[in-house]
Amino acid sequence: MGNSASQPNARSLRAELEGLSVVEQHRYAYQWAKSHDCVIDLFGDFARTHHLVLFRSGNESENWLDEQNRLVYKMNTLMHVGEDIAKLFMRMELFNLLFPHNPMTLVGFYLYSETHVNPVFTQPFIDRARFATDDEIANYLQLRGFVPTGNDGEYSDGSYMISDARPKNVLVSESGAVFIIDADVAKL
């Protein structure tokens, strides 16, 4: 991948994608990734040269571990945003706003074709962690001003809605720190 001057900025790229159709967003992101040296081949050379290991993945992302740099690479499948890249970037901005100690950083795109790309993010790897319990999640979010809405894994503080805050998406470190590693965040 290119030097730090060419590192992608999801916020500025989101602004360029907003207002485009989904197909146009994918075409734009495809060209943008190629012209900014931000093509991330997670099934080929990039994965091999960075010693990435495919590990636990979910519905909305496939994940690779970079043990040397203590990072998780997440290729988002865009299934929960209707292939809308700009919408995903907005969710990631809100996620990073609420959970800055475990941010997701756009590093590029995996290119299937000119009309089908998947954003690739990195996130710090939480070593020797376990999945949180529902009570630990509720306590953590309530301390931050969020209350359960009555829907499973959903919390709100009146300004933001967090959903999918379930044990599979929340880790607890050896020291007891809680890390939301994946959740949908929306502004109300």
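Predicted model: local features only at pLDDT ≥ 70, side-chain atom pairs only at ≥ 80, totals over all residues.
**Pockets, cavities and helix contacts**

Hi everyone! Let's start with the second largest pocket, which has a volume of about 220 Å³. Of the 12 residues lining the second largest pocket, A10, R11, E93, N96 and M104 are the closest to its centre.

Residues are numbered from 1 along each chain as its sequence is written, and side-chain values use heavy atoms, leaving out hydrogens and water.

Now, the words I just used. On a 1 Å grid over the protein atoms alone, a pocket is an open set of points with protein on both sides within 12 Å along at least five of seven lines, a cavity is a set where a 1.4 Å probe fits but cannot get out, and lining residues have an atom within 4 Å of a point. Points are joined across faces, edges and corners, and the volume is the space filled by probe spheres set on them.

Which elements supply the second largest pocket with at least two lining residues each? They are α1 (10-17), α4 (85-98) and β4 (105-113), where helices (H or I, at least four residues) and strands (E, at least two) are DSSP runs numbered from the N terminus. Helix α4 brings the largest share, four residues. By class, seven residues in this lining are nonpolar, three polar and two charged; here Ala, Val, Leu, Ile, Met, Phe, Trp, Tyr, Cys and Pro are nonpolar, Asp, Glu, Lys and Arg charged, and the others, Gly among them, polar.

On to the largest pocket, with about 610 Å³ of space. Its lining has 25 residues, and R56, N63, F131, K168 and I181 lie nearest the centre. Strands β2 (61-66), β3 (71-76) and β5 (116-124) each give at least two of the lining residues. The classes here are nine nonpolar, eight polar and eight charged.

How many cavities of 30 Å³ or more does a search of the whole structure find? It finds two. The largest cavity has a volume of about 80 Å³, and α4 gives the most to its lining, three residues. That lining divides into six nonpolar, two polar and four charged residues. The second largest cavity has about 70 Å³, and its lining is E60, S61, K74, N76, M92, M104, F121 and D182.

Finally, back to α1. Helices α1 and α4 pack at an angle of about 150°, their axes 9 Å apart; axes are lines fitted to C-alpha atoms, for helices over the stretch in contact, and angles run from 0 to 180 degrees between N-to-C directions. A10, R11, L13, R14 and L17 of α1 make the contact with I85, A86, F89, M90 and E93 of α4, where contact means heavy atoms within 4.5 Å. Seven of these residues are nonpolar, none polar and three charged.

With α2 (residues 22-35), α1 packs at about 135°, with the axes 10 Å apart. These two helices are therefore oblique to each other (under 35 degrees is roughly parallel, over 145 roughly antiparallel, 65 to 115 roughly perpendicular, and the rest oblique). On the α1 side, L13, E16 and L17 meet Q25, Y28 and W32 of α2.
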